[in-house]
Amino acid sequence: LQDPAEDETAPAEAEPAAQPETSREVVMQLLPSELTTIEAATLRETVRLTGALAPNRHLGIPAEVSGRVDAVAKRAGQFAEEGEVLVKIDIETLRNQLEQQRSTADATRAQLDFAEAKYERTQSLVDRGVATSSTLDSDAANVQQLQANLAALENQVANAERSLENATITAPFSGYISDRNVDPGAYVSPGTALMTLVDLSSLELEGAVPVLYAPQIREGQTVEVVVDGFAGQQFEGSVERIAPVAASGTRMLPIYATIDNPDGVLRGGMFASGALVLDQKPDSIGIPAEALREDDDGNFVLKQDGDRVIRQPVEVARTWDRDRIAEIAEGLSPGDVIVSAPLDRLQPGMKITVIGD
């Protein structure tokens, strides 16, 4: 018998039928920057504020007496403590004038004492009928005249004493010398500019905001600014004054804010820009406005759930930062991860993978 396996005419074994390929699920690739982890934070409404810094206190110090400048103790850029001597004017002439005024006053005082004693004697004689009343009237007029002369001379003495004191100019407050206008040997008269003193412990920022924000602006509101030359460093101050009317033709409202400068690192004339905080709410959940989506069922976001995104309904309380941030009242908790980029192709239920995660 012949083995059927050796029979070349036996039919070949049938091959299995090919299975149809299943369609692959689409996986969206996301960058870490396109996701946001929810955290409680302080939400704020701000308006941009820019302007130049100027010392809150600056004083031009003039001469109050005439004379030759004997000494100038400070140069521009040096610091002066309150009460420290800045300029001395020659006091020799002023001292001579004071001594002369005092001598004249003393002489007039002696004449007044004599006239008053004479008036009392004449009064006694008139009472006894020895002297006439006309003599008494003459003595009384002489006393009154000497009293008036003495009062005028005492005023002159007081003025001379003040002039002598004013010949030594001291710093009325602690600060830096920004300008020095005289040198020793110069002759000055009352009103001559000697130097300028500035206090840098606090600076004033004069900025302007659109007048439409006027109802929201109040004195004491926080101002946060950065200053040219201080990259990454932020300075804080508060609104000190608000202009009553907008600048003509601009519809911009001038705002004056005081910036604390305890270390003295800021200088007058620096340019500052930052934000005036109109309103704020701490411990709140805010998301980028572009992360918010809407369908027939209301507002929602795409929340990461494992390797997929799901539709997460949310309730929006209000918007902040000129509608850039949406405050979420319900629907999200700290630690949730949402898609914050406006990715129209990404829909609820789709699978995602984070590149570089």
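My entries below cover the nonpolar cores and then one serine.

**Entry 1, the main core.** I kept in mind that this is a predicted model. I started with the largest nonpolar core, which has 25 residues. Which members touch the most others? I found Leu53, Leu205, Ile217, Val223, Ile259 and Leu266. I then looked up the elements that give two or more residues to this core, and they are β3 (40-62), β10 (193-210), β11 (222-227), β12 (235-242), β13 (252-260) and β14 (271-288). Strand β10 gives the most, with five residues.

Leaving aside neighbours within four places in sequence, I listed its contacts: Leu49, Leu205, Phe235, Glu236, Gly237, Ser238, Val239, Ala257, Ile259, Ala275 and Leu276. Apart from this core I noted another one, of 20 residues, and among them are Val69, Leu86, Ile89 and Met195. A reminder to myself: nonpolar side chains tend to be buried together in soluble globular proteins.

Next I went back to β10, where Ser201 lies. Is Ser201 buried or partly exposed? Its relative accessible area is 40%, so I wrote it down as partly exposed. Not counting residues up to four places away in sequence, Ser201 touches Asp260, Asn261 and Pro262. I also checked Val265: it is 64 residues from Ser201 in sequence, and the two C-alpha atoms are 9.3 Å apart. Lastly, I found a polar contact of 2.9 Å between the side chains of Ser201 and Asp199.

Terms used. Residues are numbered from 1 along each chain as its sequence is written. This is a predicted model: local features need pLDDT of at least 70, side-chain atom pairs count only at pLDDT 80 or more; totals for chains, interfaces and linings use all residues. Side-chain values use heavy atoms; hydrogens and water are left out. A nonpolar core is a set of buried Ala, Val, Leu, Ile, Met, Phe, Trp, Tyr and Cys residues joined through side-chain atoms within 4.5 Å. Buried means under 20% relative accessible area, exposed over 50%, partly exposed in between (1.4 Å probe, protein chains only). Helices (H or I, at least four residues) and strands (E, at least two) are DSSP runs, numbered from the N terminus. Contact means heavy atoms within 4.5 Å. A polar contact is a pair of N or O atoms within 3.5 Å; within protein, one must be able to donate a hydrogen and the other to accept it, and residues adjacent in sequence count only if both atoms are side-chain atoms.
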